[in-house]
Every structure is written in C-alpha cells, then in structure tokens.
Amino acid sequence: MSEKQSLGRRYDLDLLRYLQVLVEEQSVSLAARRLKVSEPAMSRHLAKLRTVFGDPILVMSGRRMVATAFANRIRDRVQVLVREADDLLSEGATLNLRGMAPLFTIRANDLVVGAFGRVILLALRQDCPNCRIVFSPESEETASESLRGNRIDLYIGATDDLRPEIMRKTLFETNFNALVRKNHPIFEREITPKELVKYDHVSVSRKGKQNGPIDTILKERYGLSRRIALVVPTYYSLIESMKETDVILPLPEIVTDRLPLASLGLKTFSFPFDLPPVRAFQAWHPRVDADPLHRWFRNTVYFAIREEQDRLIERTKGDMNTKL
C-alpha cells in the first residue's frame with residue numbers, strides 16, 4: 001500500500017470541511033476567516049490535506065491562489081459529503097419542505113437578479129413548491145444592518161462593508177468587459193488606454209458615484225482620465241440603447257456573457273489593462289446558521305448559482321471552439 005493510500009485513511013469530517021472551504025474561497029486567509037481560525041492554523045490544515053491527497057490543492061497563479069484540477073474535480077463531491085453530514089448532525093426535525101410555504105427575502109442588485117433570479121427560484125421550488133422569494137433592492141442601510149435587523153434572509157453581492165460576525169460564502173468571481181455598439185470606431189485601431197479615454201463613458205452606481213477602479217488605474221498607471229458622460233443606477237439601464245451611441249459601458253462578464261450581443265447590435269472588448277476581479281458571496285446572520293430551513297435555503301441558492309456559472313463557462317468554451 002502506498003504512503004498516500006495509508007495517509008488517506010487519516011482524515012475526519014473537519015478536515016473535509018477545511019478542504020471544502022479552501023477550494024471554495026481559493027484563499028488561506030479567507031478560508032481562515034470563514035471558519036474562524038487563525039491563518040497559521042489554516043495553513044497547517046492545507047499542508048495536511050496536501051499530504052493526505054498527494055496534491056497541492058491550491059497553487060499560486062500571479063498574485064492569488066487557485067484550485068488545482070484535482071481539487072476542482074472533487075469539489076462538488078466534498079460539498080455534498082459535508083452538507084449531508086451536517087444534515088445528519090442537525091438537531092432539528094426533518095423538514096417537510098413540500099408542506100411549507102416560506103417567504104425568503106434576498107438583497108441583491110439587478111446584476112444578480114438578472115443572471116440568477118430564475119435559476120434560484122426553480123431550484124428552491126424543486127424541493128419546496130410553495131416557497132416565495134422577494135428580491136429586496138439595495139438601500140442606504142448596510143447589508144449587515146439588514147441582516148442583523150432580520151429584514152433580509154440572505155445578502156448576495158460583493159460589498160466590503162460587513163460586520164465581523166456576519167457569515168459569508170464565496171459564490172463566484174467575475175471580470176469586467178466594455179460594451180459598445182458593433183461598429184464602434186474604437187475597433188478601427190489598437191485599443192489602448194489612450195484610445196479608451198477618447199470616448200464618453202457610463203458609470204454604474206446606485207449612489208451616483210462617477211469614479212471607480214478603472215479611473216484609479218488610468219490615473220495612477222497612465223496619467224489619464226475618462227469622461228463620465230452619464231451615471232446610471234443599474235447595470236441593465238442602457239443596454240438596449242447602446243447601439244445608438246458611442247459611449248462605453250463597463251459590464252461584468254456574468255452580464256455580457258448572457259446577452260444576445262449580435263441581435264442587439266452590440267460587441268464587447270477587454271480593457272487594455274488588468275482590473276481586479278469582483279468576488280461575489282452570500283452572507284447571513286449567525287443566528288440562522290444552524291436553522292435547518294435557512295441552511296437548506298442558502299445551500300440551494302449556492303448550488304444553483306454555482307451550477308449556472310459552470311453551465312455558462314462550458315457554453316462559452318463551446319462557442320469559442322466553434323469560432324476556431
């Protein structure tokens with residue numbers, strides 16, 4: 001028997017839970033924060049996982065860590081194992097979901113609702129046909145305040161303004177593309193930062209802010225600035241009228257990858273510099289963490305979003321292969 005096989009027997013549920021969270025967060029520090037342990041302790045757990053499975057689990061890619069191919073292959077199986085173990089250990093009675101009619105309130109922006117609202121509803125109603133969902137719009141109240149005040153059941157977004165006690169779980173990462181009309185003059189030459197700032201831009205901000213990470217990079221790296229001609233409150237506000245103007249609208253890939261660009265007369269391009277990815281997560285208050293109904297609710301939402309993301313990635317790869 002090999003050393004790997006021998007060591008493979010020396011694990012427990014907690015070690016699988018560390019594996020699950022490390023692969024989901026793809027970060028030792030974020031995994032440590034989520035499980036409320038120190039970073040050195042999480043690093044030791046990662047080292048043990050590497051020995052047990054004979055695989056690095058996480059490797060460096062540029063400035064951040066990414067899961068290995070092996071870790072990604074076993075991710076879903078590990079998630080199911082941990083979730084089923086949690087169900088077995090639950091002290092609550094078995095839920096009769098088909099006999100319940102719960103109302104769940106999710107706070108999310110139009111990006112999340114547009115990309116995942118339908119799949120979330122279908123996934124929840126598969127087990128609980130009478131459940132209802134309210135997507136609560138963003139407001140001046142922080143997500144932490146809404147969760148603490150029991151005004152929402154779940155937050156989905158990317159805010160960095162959460163109280164330490166709020167629990168979270170990473171859902172996906174997305175990058176930004178630029179959306180323009182199909183025959184935009186920017187395609188007539190190489191797209192550079194200097195070319196980019198020749199045109200008017202749209203800023204998406206519920207609070208009316210004009211500047212963001214794009215402006216910071218343009219100023220600090222190239223000494224350039226954009227002309228913000230319009231500020232809109234939601235990502236979908238201008239999409240259908242983009243073909244009638246030369247403005248440039250930054251949009252996350254989870255939006256642009258779902259748009260019928262050809263029929264809308266639109267086209268996307270990558271920004272001529274690296275932008276930090278947006279990491280979206282779901283968050284909930286610890287008072288409902290052990291509640292069987294809430295756990296079923298947030299786990300169903302999590303897997304619905306992850307499966308939809310995986311489906312879209314496979315479709316995008318297929319489209320690229322077709323073009324090649």
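Two strands count as paired if DSSP finds at least two bridges between them. I kept that in mind for the sheet. The model is predicted.

**Entry: the sheet**

I looked up the strand order. It reads β4-β3-β5-β12-β6, an open sheet of 5 strands with mixed pairing. Next I checked the edges. β4 (132-136) and β6 (167-174) stand there, each with a single partner strand, so one side of each has no neighbour in the sheet. The average is 20°, direction ignored.

**Entry: β3 against β4**

I looked at how β3 (residues 103-107) meets β4. The two run parallel and are joined by 5 bridges.

I went on to the helices. α2 (residues 13-25) packs on the sheet and touches β6 and β12 (278-284). The direction of α2 makes about 40° with that of β6. α6 (residues 110-127) also packs on the sheet, touching β3, β4, β5 and β6. Against β4, the direction of α6 makes about 160°.

**Entry: positive phi**

I checked two residues with positive phi. Lys 36 is not a glycine, yet its phi is about 60°. I placed Lys 36 in the loop between α3 (28-35) and α4 (39-53). Is Lys 36 buried or exposed? Its relative accessible area is 58%. The cut-off for exposed is over 50%, so Lys 36 is exposed.

Asn 150 came next. Its phi is positive too, near 60°, and Asn 150 is a residue other than glycine. I found Asn 150 in the loop between α7 (143-148) and β5 (154-157).

Methods:
Residues numbered from 1 in each chain as written. Predicted model: local features only at pLDDT ≥ 70, side-chain atom pairs only at ≥ 80, totals over all residues. Heavy atoms only, no water. Helix = DSSP H or I, 4+ residues; strand = E, 2+ residues; numbered from the N terminus. Buried < 20%, exposed > 50% of the residue type's maximum accessible area, 1.4 Å probe, protein only. Axes fitted to C-alpha atoms, helices over the stretch in contact; angles between N-to-C directions. Contact = heavy atoms within 4.5 Å.
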